[in-house]
Amino acid sequence: MKKCKVCNKPAVYHLTEIQNGEAQALHFCEEHFQEYISGQTSQEEWEPQDDATLIELNSQEIQLDEELECPNCGITFQEFRSEGRLGCPHDYIAFREPLIQLLENIHGECVHIGKFPKRAPTSSQQQYNLIKLRRELTAAIAEENYEVAASLRDEISKLEQEEQEQSESDSSTE
């Protein structure tokens, strides 16, 4: 998996630029791709890092991770990596950043969305989607992002209407 050339997160955008007759591969995470495309930063900041620089950055990150220790149980991040188990609930806070990086490297995401059995009723999936949309709506309102909140409200209304129509059709067939 390619890493962002700026922050070492997993790259989701891969570009090939030709400069002075040479092809140059550029890999960016979502955030840095948007900055690169919008021209918010100068071109000098986007110069590709050589392998020695990337190795040095990775070794610095590894050293920082090895030094992390939970103030509650005393487990180090290195011990977690070797054993595969955290020591206490506080470790999720103490090791937040390296855990997020680890999850993104392994799964490509750090948010669990769950799975549904293939034979699960569509109503349970709709309920899950409604709960998720309502949380997003609450967050959008808290951030005062009213355009997103309006579209989420409309989507929730549509799903609720579909659910009501489905329950009416189910009750009429009984």
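**Close-up views of cysteine and aromatic contacts**

**View 1. Cys4 and Cys29.** The sulfur of Cys4 has its closest cysteine sulfur in Cys29, at 3.8 Å, which is too far for a bond. A disulfide requires a pair of cysteine sulfur atoms within 2.5 Å, and the count by this rule is zero. Cys4 is buried (under 20% relative accessible area, with exposed being over 50% and partly exposed in between; 1.4 Å probe, protein chains only), at a relative accessible area of 2%. Cys29 is likewise buried, at 4%. The model is predicted, so local features need pLDDT of at least 70 and side-chain atom pairs count only at pLDDT 80 or more, while totals for chains, interfaces and linings use all residues. Residues are numbered from 1 along each chain as its sequence is written, and side-chain values use heavy atoms, with hydrogens and water left out.

**View 2. Phe77 and Phe80.** Three aromatic pairs are found in a search of the whole structure (ring centres of Phe, Tyr and Trp, the last by its six-membered ring, within 6.5 Å; planes under 30 degrees apart are stacked, over 60 edge-to-face, the rest tilted). One of them is the tilted pair of Phe77 and Phe80, with 5.5 Å between centres and 45° between planes. These residues lie about one helical turn apart because they are three residues apart in helix α3 (residues 77-83); helices are DSSP runs of H or I, at least four residues, numbered from the N terminus. Both Phe77 and Phe80 are buried.

**View 3. Phe77 and Phe95.** The ring centres of Phe77 and Phe95 are 5.4 Å apart with planes at 70°, so this pair is edge-to-face. It links distant parts of the chain, 18 residues apart: Phe77 belongs to helix α3, and Phe95 to the loop between α4 (91-94) and α5 (96-107). Both Phe77 and Phe95 are buried. Phe77, Phe80 and Phe95 together form one aromatic cluster.

Note on methods
Helix = DSSP H or I, 4+ residues; strand = E, 2+ residues; numbered from the N terminus.
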